[in-house]
Amino acid sequence: MVTRRRLLWLPAVCLAVVMTGVLDLSAQSGEPVDLGAIQRIKEEGFDRSQVMDTAWWLTEIHGPRLTNSPQMRAAADWAVKKLAEWGLTNAKQEPWGAEFGRGWSNERTVVHVMKPIPWPVLAYARAWTPGTGAAVTAEVVLAPLANDADLEKFKGKLKGKVVLLQAARAVAPLWEAPARRFTDKELADMQAQEVGPGRPGNFNPGQAQAFAAKRNAFLIAEGVVAVLEPGNGRGDSGSVLTAAGGPRGLKDPPVPPQLAVATEHYNRLARMADKGTPITIEVDVRSTFHDADLKMFNIVAELPGTDKADEIVMLGAHFDSWHAGTGAVDNASGSAVMMEAMRILKQSGVKLRRTVRLGLWTGEEQGLIGSREYVKAHFGDPATMQLRPEHARLAGYFNMDNGTGAYRGVYLQGNEAVAPIFRAWMEPFRNLGMTDLTIRNTGGTDHQAYHAVGLPGFQFIQDPVQYSSRTHHSSLDVYDQLIPGDLMKNAVMTAAFVYHAANREQMLPRRPLPRATPSR
């Protein structure tokens, strides 16, 4: 408590802040920060948070949200209902213009060695691959198929076999803790602008995809039971990574059942097979394709503005996930935080001049499809740079997609003009660890769709925690990996950034329009 006696000694500017709740925190930017609104946002976000409850519903109840799967559709229905229950307007599922393809779900995956001694194998079906239809017992064959010569070598030898596609791979000890937060030095180093071209590479994805299709056709023709590969967990941490193993199109050629196996389990099988030890294994994979609706949607909802209601501030995260875990860290964390930020803005009663719109994107894991389709429909086409009327009315977009870690700042995407503005907005959160800006770009997530058409789209800098070391796209991406305090802080900071973007007199500054990119 501040006593009346102590207040008499405060400088006049501080008395003005106490009375008005508004402070110019940056002499360089002249950017006002509404401390009264921030206090209301903090109270709602810290004292009455629902972020973990939202994350629980998305993960524990609805499970993984592979795009166009029944689980994703059920989670989306729940999210729309919840957003409307919180009092948001226009909460709906907005269809894409493009076709996504088939839905897929896996109901059962059991892999068990029968001989020489029984033991269970930790394995997950890769997305969009078929099942075995029933439990099948078969012999295991080590058949690394890396080129045309390998295909010729094993021709006629794989019928009715379970195929190991790779040799055993080395597993490194975990010499360092897999979880970490950014150090002060790392954050300081991040502020430096990177100069120079990217490092060249000789990897040809088209060539690799062409051989993978040829190999799948060979395996189908051979009549294999299933294909196993090491799941290559993050940093050999015991996690299993999964991704797509088959195509989504109705007319695409078939592929064999493909499973990702815990690396240590896979290595045991590969070493035994390499030594000539006969192995008999039971494989039972039950998967279902869902073809009733090949189109997808994004989830949107709004908080109406007042005198600048025709202008928009957006916040968002991708809603979809991979399927070995429950998609908690990637990216129920981001979806829950952005939903919570909208709830905070509504329940705190702060006034918004611009309309605030939430976007939860699907198809992100297949190439940022949902956000790109949304931007193309509402703002502009990066292939032609033909802009839509809404392009001129978007003040900015804020994104979260780097796991459960706390915000430490913002990637500016090369937008120098926005730095003093964000620096002022961050100042009230310095005591929560949000301290740094970097001019650098960060890639691989949905703010890029906005950036591609010259709109100010931003991703927050987040503590890595265990994102790249254990959880990203892995079987360990589950609710237990979420850090409640970090997600509560992120929701409060997001709400504050969105509040100030919605209420400042001018929209956020923009970079010059980029050139058209016809190859996108």
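In which strand is threonine 355 found? Threonine 355 belongs to strand β14, residues 354–361; helices (H or I, at least four residues) and strands (E, at least two) are DSSP runs numbered from the N terminus. The model is predicted, so local features need pLDDT of at least 70 and side-chain atom pairs count only at pLDDT 80 or more, while totals for chains, interfaces and linings use all residues. Residues are numbered from 1 along each chain as its sequence is written, and side-chain values use heavy atoms, with hydrogens and water left out.

**Threonine 355**

- Threonine 355 counts as buried because its relative accessibility is 8%; buried means under 20% relative accessible area, exposed over 50%, and partly exposed in between (1.4 Å probe, protein chains only).
- The side chain of threonine 355 reaches the backbone nitrogen of glycine 305 at 3.1 Å.
- Beyond its neighbours within four places in sequence, threonine 355 is in contact (heavy atoms within 4.5 Å) with several residues, among them Glu302, Leu303, Pro304, Gly305 and Lys308.

**Helix α12**

- Helix α12 spans residues 419–426, and seven of its eight residues are buried.
- The buried residues are Ala419, Pro420, Ile421, Phe422, Ala424, Trp425 and Met426.
- The elements covering these buried residues include β2 (32–34), β17 (394–399), β18 (407–411) and α15 (484–503).

**Aromatic pairs**

- Rings of Phe, Tyr and Trp (its six-membered ring) pair if their centres lie within 6.5 Å; planes under 30 degrees apart count as stacked, over 60 as edge-to-face and the rest as tilted.
- By this rule the count is 20 aromatic pairs.
- Tryptophan 56 and tryptophan 57 have ring centres 5.5 Å apart and planes at 85°, so this pair is edge-to-face.
- Tryptophan 56 is partly exposed, with a relative accessible area of 32%, and tryptophan 57 is partly exposed at 29%.
- The rings of tryptophan 361 and tyrosine 397 form a tilted pair, because their centres are 6.3 Å apart and their planes stand at 55°.
- This pair links distant parts of the chain, since tryptophan 361 lies in strand β14 and tyrosine 397 in strand β17, 36 residues apart.
- Both tryptophan 361 and tyrosine 397 are buried.
- Ring pairs also join Phe398, Tyr407, Phe422, Trp425, Phe458, Phe460 and Phe497 into a cluster.

**Arginine 248 and two rings**

- The charged end of arginine 248 sits over the ring of phenylalanine 100, 4.1 Å from its centre; such a case requires NZ of Lys or CZ of Arg within 6 Å of the ring centre and within 35 degrees of the ring normal.
- Arginine 248 also lies over the face of tryptophan 128, at 5.9 Å from the ring centre.

Definitions and conventions:
Polar contact = N/O pair within 3.5 Å; in protein donor to acceptor, adjacent residues only side chain to side chain.
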